[in-house]
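Dear colleague,

I am passing on the structure below, together with some notes on its salt bridges and one of its sheets. Please read the notes with the coordinates open.

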Amino acid sequence: MPNTLKVLPSTRQIKGLHTYIRNRETARDEFIFYSKRLIRLVIEYSLSLLPFETVSVSTPQGLQYEGRRCTVKKICGVSILRAGETMEQALSEVCKDIRIGKILIQTNWDSGEPELHYLRLPKDIKDYQVILMDATVATGAAAMMAIRVLLDHEVPEENINLVSLLMAESGVHSIAYAFPHVKIVTTAVDPEINDKFHVLPGIGNFGDRYFGTEPKVSSS
């Protein structure tokens, strides 16, 4: 796998959260609850990968503590709608007063190509480290278009951090090949995608499960 890929270290807790969100029988309220926990962990992990410097502070007991402080002064988020929007709350909770932009990319089913439908970004985004959020990455087509949009707005490639709950191997390789300086952060990488562009074994359609818009299964 490319060296720009950073996977959240697997623990029994992480495996447990994946078990809940991957289980097709998990009720929607539980799916949301455990997804939020996993999202918070991967957002925190992505922030830990930013540059830090050593600092010394005085404790209330008058002693020195050698710690670390992030050297990045400007961080913003950009969510790829609609599933990426589910990650905004976690980012806002750990980065005070963070600015968040939005990108809507949809597939043209005639051409099979992604198309940009909506864009709202901070005007000075070129000066920011960008946390680009999408819940799942399958082929990587939408993420790559979003990255191109950021590059068109003069964001340096090395300042883009793509953060996702779950990615497919093929998507990871496509993104890393096209944009070798973009950091790719996720909680797990699955081996395949199917003809509906779902990651396998995967979690199904994350947006439908999270927002409760799964198509009704006919009983006939």
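Predicted model: local features only at pLDDT ≥ 70, side-chain atom pairs only at ≥ 80, totals over all residues.

Residues are numbered from 1 along each chain as its sequence is written, and side-chain values use heavy atoms, with hydrogens and water left out.

The side chain of glutamate 93 forms a salt bridge with that of arginine 40, at 3.1 Å from N to O; the term stands for a side-chain nitrogen of Lys or Arg within 4 Å of a carboxyl oxygen of Asp or Glu. Glutamate 93 belongs to helix H3 (residues 88–94) and arginine 40 to helix H2 (residues 28–48), so that the pair links distant parts of the chain, 53 residues apart. Helices (H or I, at least four residues) and strands (E, at least two) are DSSP runs, numbered from the N terminus. Arginine 40 is likewise partly exposed, at 33% relative accessibility, and a network of salt bridges links Arg40, Glu44 and Glu93.

Over the whole structure, the search finds eight salt bridges. Among them is the one between aspartate 190 and arginine 22, whose closest N and O atoms are 2.8 Å apart. Because aspartate 190 lies in strand S12 (residues 189–190) and arginine 22 in helix H1 (residues 12–22), this pair ties together parts that are 168 residues apart in sequence. Aspartate 190 counts as buried at 5% relative accessibility, whereas arginine 22, at 26%, counts as partly exposed.

Strand S12 also takes part in an open sheet of three strands, in the order S8-S10-S12, with parallel pairing; two strands pair if DSSP finds at least two bridges between them. Strand S8 (136–137) and S12 stand at the edges with a single partner strand each, so one side of each is left without a neighbour in the sheet. Strand S10 (residues 166–168) pairs with S12 over two bridges, and methionine 167 has valine 189 in S12 as its bridge partner. Helix H5 (residues 169–178) packs on the sheet and touches S8, S10 and S12, where contact means heavy atoms within 4.5 Å. The direction of H5 makes about 80° with that of S10, the axes being lines fitted to C-alpha atoms, for helices over the stretch in contact, and the angles running from 0 to 180 degrees between N-to-C directions.

Methods: Buried < 20%, exposed > 50% of the residue type's maximum accessible area, 1.4 Å probe, protein only.
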